[in-house]
Amino acid sequence: MVELSKLSFIPKMQGSGLNIRYDKGKGIQVQTRFPEDEAIKAICNDIRKFIQENDSLGIKKLKEVYSSDLINKEEKELFALIINQQESFLSQPTQVKINEVSLTNEEILKIFLYGKISHRTPNKKETHDKWESDPLLYPILKNIFITIIYQHVIFIGDVGYVNNCVLEKNGVPRIIGIT
């Protein structure tokens with residue numbers, strides 16, 4: 001988490017967002033205030049390490065640890081609550097519908113991560129490029145994506161907090177700077 005908090009994405013989130021206006025003479029106008037693409041890519045490459053199941057830092061791998069006898073009931077419950085809240089957040093439908101189907105937070109996350117930012121897969125890149133070609137839709141989806149990324153930063157911090165509690169209880173010093 002210390003590494004994530006040092007990236008420029010976090011301070012650049014302040015004031016991030018978009019305005020959509022309609023003017024009779026000018027039509028629909030979209031004004032965006034997003035962190036730069038470089039800042040988004042940097043934080044996504046770090047977050048990916050925690051959310052990809054095949055990565056050695058994958059948070060889902062901690063589920064085995066938190067089901068062991070080394071972890072007390074309170075810590076198990078807190079970890080489960082954090083994981084369940086994140087899974088619920090990801091499965092939530094957004095206000096954006098394509099072909100009458102609401103996109104979920106997880107779908108938007110995966111299309112941006114694997115269609116634009118890293119490890120591009122053909123079908124996700126195609127979907128991302130189609131979204132990007134729409135001057136009204138794309139800023140809305142990018143705004144949602146940035147919010148999803150910020151939620152992941154909070155999630156990783158929460159998991160780090162529980163991990164630090166477990167480590168300290170077992171006499172091991174904090175490994176990440178989360179209070």
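In this predicted model, Lys 142 is located in helix α8, which spans residues 137-169. Its relative accessibility is 13%, so Lys 142 counts as buried, the threshold for that class being under 20%. Leaving aside residues up to four places away in sequence, Lys 142 touches Phe 34, Asp 37, Ile 40 and Phe 112.

Phe 112, one of these contacts, also takes part in aromatic pairing. The count of aromatic pairs comes to four. In one of them, the ring centres of Phe 112 and Trp 131 are 6.2 Å apart and the ring planes stand at 45 degrees, so the pair is tilted. Phe 112 and Trp 131 are both buried.

A further pair joins Phe 112 to Phe 145: the ring centres are 4.5 Å apart and the planes are at 10 degrees, so the arrangement is stacked. Here too distant parts of the chain are linked, with Phe 112 in helix α6 and Phe 145 in helix α8, 33 residues apart. Phe 112 has a relative accessibility of 2% and therefore counts as buried; Phe 145, at 1%, counts as buried as well. Together with Tyr 138, the residues Phe 112, Trp 131 and Phe 145 form one aromatic cluster.

Helix α8 also contains Gly 160. With a relative accessibility of 2%, Gly 160 counts as buried. The C-alpha atom of Gly 160 is separated by 17 Å from that of Glu 87, a residue 73 residues apart from Gly 160 along the chain.

Technical notes: Residues are numbered from 1 along each chain as its sequence is written. This is a predicted model: local features need pLDDT of at least 70, side-chain atom pairs count only at pLDDT 80 or more; totals for chains, interfaces and linings use all residues. Side-chain values use heavy atoms; hydrogens and water are left out. Helices (H or I, at least four residues) and strands (E, at least two) are DSSP runs, numbered from the N terminus. Buried means under 20% relative accessible area, exposed over 50%, partly exposed in between (1.4 Å probe, protein chains only). Contact means heavy atoms within 4.5 Å. Rings of Phe, Tyr and Trp (its six-membered ring) pair if their centres lie within 6.5 Å; planes under 30 degrees apart count as stacked, over 60 as edge-to-face and the rest as tilted.
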